[in-house]
Amino acid sequence: MGALRDRFPGASITYVVEPHAAAIVQGNADIDDVLVAPRERGLRGLTADIALGRALRARRFDLAIDFHGGPRASLLTWLSASPTRVGYEILGRSWMYTHRVSRPRALRARHSVENQWDLLTAIGFDAPDRTRNRVEMPLDPRAAATVAARLTDAGVIRQHRLAVVHVSAGNPFRRWPLEHFVAVVSALAHGQDHRIVVTSGPSETEAAARVVADARATLGAVEGSRVLACGEFSLVELRALLERAHLYVGGDSGPLHIAATTNVPVVALFGPTLPARSMPWRDPRLPMIAVDAGELPCRPCDQRRCAPGDFRCLTRIPPERVVEAALRWLDG
């Protein structure tokens, strides 16, 4: 959003987003209006989208950019009736845009931010810069206060070096084995006075609880008390938690890219996806490392079927490599 604001300093910028991602952009100083658009199904959904399109058209936008590229986003972009509509060349929907950008279907070793930035270069923007054009998510002061209180209740003080280990992912193709996470959490809590917060998505709280329980059982009472279960964190709370953290460990999922909006050192686990495409987009001088299984004939893949059947791109990432990378920064 900062690039759009720099290019159009006097413009009114509206961001249309579905509810699950709204917290990421709400509070962004470069956005004047966040329009949350719930998704409905069937005829009811189509009717709601047409009504939303009419509302967008009434605002008389000069420019509409479809960064998503899905059918719903294409429709809303077209319904906005903006004289300049920018989107990807997509079979059956390209006519909805006035400016079209090629988007190869092949899984390229090119960062997703650069792929989306192609929509901006099509209308005259310079190429993106990782330092100047970082991904952004504002820190919510209320969330920061809530997180600080929860950490205090868990016995965390400012002197403790805090690691956040996120154990879930959006699908099984990106889910590192839980026993590997147990090994990593146990190693980070052993021998040093670190504190380890284990987090997960809302649907995998049981997985996080198992990692905490098994790590505590491995460590014993004293060191096991360093492994913390602080409950669920909303997106804005996770952002605040990472602001306090000295390390983030997790796979290629949404929380990794929330970590990208902070300066926290990152150890990112990659299975079927490529670091060249999905590593945090931020200043390359900030500490971050990708850990993966190396070159495999089946990697990257479309994450619909595991061809070998054993998810080897994940199971072949040894916990020892992750621990080595993590301790490099957690120990300062």
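Select arginine 150 and phenylalanine 233: the charged end of arginine 150 sits over the phenylalanine 233 ring, 4.1 Å from its centre. (A charge sits over a ring when Lys NZ or Arg CZ is within 6 Å of the ring centre and within 35 degrees of the ring normal.) This is a predicted model: local features need pLDDT of at least 70, side-chain atom pairs count only at pLDDT 80 or more, and totals for chains, interfaces and linings use all residues. Residues are numbered from 1 along each chain as its sequence is written, and side-chain values use heavy atoms, leaving out hydrogens and water.

Next, go to arginine 328. Its charged end sits over the ring of tryptophan 329, 5.8 Å from the centre.

Now the ring pairs. There are 4 aromatic pairs, counting rings of Phe, Tyr and Trp (its six-membered ring) with centres within 6.5 Å; planes under 30 degrees apart are stacked, over 60 edge-to-face, the rest tilted. Select phenylalanine 8 and phenylalanine 125. Their ring centres are 6.2 Å apart and their planes stand at 70°, so the pair is edge-to-face. Phenylalanine 8 lies in the loop between helix H1 (2–7) and strand S1 (14–17), and phenylalanine 125 in the loop between helix H5 (112–121) and helix H6 (141–153), so the pair ties together parts 117 residues apart in sequence. Helices (H or I, at least four residues) and strands (E, at least two) are DSSP runs, numbered from the N terminus.

Colour by accessibility. Phenylalanine 8 is partly exposed, at 32% relative accessible area; phenylalanine 125 is buried, at 9%. (Buried is under 20%, exposed over 50%, partly exposed in between, with a 1.4 Å probe and protein chains only.)
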